[in-house]
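Biologist: I would like to learn how to read aromatic contacts in a protein model. Could you walk me through them?

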Amino acid sequence: MGGARTALFNWLLARREGGTFVLRIEDTDRERSSDDMVEAILDGIRWLGLDWDEGPYFQGEGAERHRSDALRLLFEGKAFRDFVSADELAAIRAEDPDRALRYPRERAELLGSTESDARAANGEPFAIRFLVPPGETAWEDRVYGSVRFRNEEIEDLVILRSDGTPTYNLAVVSDDAAMQITHVLRGEDHVSNTPKQILLHEALGNQVPDFGHLPMILGPDGKRLSKRHGATALGEYQGKGILPVAMVNFLALLGWSPGTDEEVLTVPGLVERFSLERVLRKSSVFDSTKLEWLNGRHLAVMPADELMLLVMEQLPAELRDEAEHRDRSDPGWVVRLIDLLKVRARTVGEIGEQATPFLRDALSYDPAAVAKHWGKDPTGAIAHLRALREALAPTEWTEESLETGLRGLAESLGVGAGKLIHPLRVALTGQAASPGIFEVMVLLGADATLSRIDLAIQIVKGLETNVLDTPLQRGLP
């Protein structure tokens with residue numbers, strides 16, 4: 001999630017300023033760079049709609065250039081060979097962490113260049129370390145402002161391992177220079193890498209990019225977002241029915257402010273208003289409830305025909321078949337259903353759940369709804385359902401006619417319309433809440449509506465006579 005937010009901010013900056021968005025896979029750490037992981041990154045960026053102008057480049061492809069830069073620094077006296085074993089350095093770190101910063105340099109100075117050359121010529125393995133110069137390294141961070149590091153606190157970092165492979169800091173510096181990168185936005189956990197990279201850029205004679213560091217994303221407990229907080233990968237939220245536009249909207253607000261109280265923003269709106277000056281320095285909390293709320297707002301305005309494929313993918317196979325059957329016999333029926341349900345849903349999956357009563361003959365009745373609207377007065381509920389059945393059967397099956405008929409019946413019975421609507425809603429959907437009852441009836445059609453009223457009457461009769469072996473007590477199909 002943090003990587004997605006970082007990619008988004010870089011993309012927004014490039015699009016806002018008319019720049020070039022470069023996608024580079026930094027795969028110097030082979031253990032963490034499997035094909036599956038790379039594909040997950042690419043899939044996530046594609047899903048968010050972050051189209052890149054160059055790439056994807058793979059850092060490993062530039063290994064020869066990285067090695068050439070390391071050797072150049074060595075030959076120019078800006079780096080040195082390190083023959084110290086890992087065990088020896090670990091022992092020094094355990095004994096004196098401060099001394100360990102410069103220990104390989106001490107050993108290199110003891111060797112002298114002649115002995116170092118001879119040992120290297122004899123094939124003895126060595127790493128190449130950058131010789132951190134004295135003084136101070138400072139930069140004007142695009143988010144945090146002025147940042148300074150004392151160089152004496154920076155370790156003589158390894159730039160080429162003993163197996164000849166480059167390390168992360170050298171590789172990104174070499175790549176940034178080769179790709180003419182002008183701006184680098186990344187998480188604040190990289191702040192400690194920045195002075196090292198600035199020093200390497202300067203040693204190689206490169207133009208130093210502008211750096212900006214983004215605040216951390218925290219879980220609800222105030223700790224860094226991780227798997228213990230639940231889903232943290234884009235693919236998991238895609239599977240839950242979150243829209244890409246909603247995720248982009250949500251990620252943008254994790255560490256950036258539009259300068260107003262607005263929260264529901266489109267992608268073009270974000271591009272138009274994005275600026276580094278409004279990136280916050282304070283860490284943001286990942287609130288999945290707010291993400292779902294934002295998703296619901298975007299669902300409500302998204303055209304139903306664009307949602308159709310997403311909703312169909314969320315439905316179980318038998319319901320998807322039924323939806324396709326209904327749409328063939330009544331073209332546009334599924335789009336009308338989605339249009340009716342989307343305003344009450346927070347995710348695409350919830351639209352599918354709400355569609356179930358419209359697609360499945362056997363309803364699942366909510367016990368609380370049954371108890372409230374049927375169980376308190378079974379005799380009255382039966383009477384109202386029978387009256388509704390009789391009044392609605394000959395009615396023209398339009399929302400206007402059905403509403404006129406129901407309200408006319410309520411007036412003739414001397415009761416409020418709600419006394420009829422509530423038990424009817426349970427009969428038609430099995431739930432206490434649903435879209436407008438007249439829209440529900442039109443989408444179900446006359447036959448299904450009347451059939452469900454008949455079934456409801458039989459169920460309520462069981463409640464009235466206190467017969468326990470009814471579909472309700474059995475859990476209902």
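Modeller: Gladly; we will look at ring pairs, their surroundings and the charges over them. Keep in mind that this is a predicted model.

Biologist: How many aromatic pairs does the structure hold?

Modeller: There are seven aromatic pairs.

Biologist: Which parts of the chain does the pair of F9 and F274 tie together?

Modeller: F9 belongs to helix α1 (residues 2-17), while F274 is in the loop between α11 (267-273) and β11 (284-285), so their pairing links parts 265 residues apart in sequence.

Biologist: Are F9 and F274 buried or exposed?

Modeller: The cut-off for buried is under 20% relative accessible area. F9 is buried at 0%, and F274 is buried at 3%. F9 and F274 also form one aromatic cluster with W256.

Biologist: What charged end sits over the ring of F9?

Modeller: That of R5, 5.5 Å from the ring centre.

Biologist: And what about Y237 and F286?

Modeller: Their ring centres are 5.9 Å apart and the planes lie at 50 degrees, so this pair is tilted. Y237 is in helix α9 (residues 234-239) and F286 in the loop between β11 and α12 (288-301), so the pair joins parts 49 residues apart in sequence. Y237 is buried, at 6% relative accessibility, and F286 is buried at 5%. Over the ring of Y237 sits the charged end of K240, 5.1 Å from the ring centre.

Terms used: Residues numbered from 1 in each chain as written. Predicted model: local features only at pLDDT ≥ 70, side-chain atom pairs only at ≥ 80, totals over all residues. Heavy atoms only, no water. Phe/Tyr/Trp six-rings, centres within 6.5 Å; stacked < 30°, edge-to-face > 60°. Helix = DSSP H or I, 4+ residues; strand = E, 2+ residues; numbered from the N terminus. Buried < 20%, exposed > 50% of the residue type's maximum accessible area, 1.4 Å probe, protein only. Lys NZ or Arg CZ within 6 Å of the ring centre and 35° of its normal.
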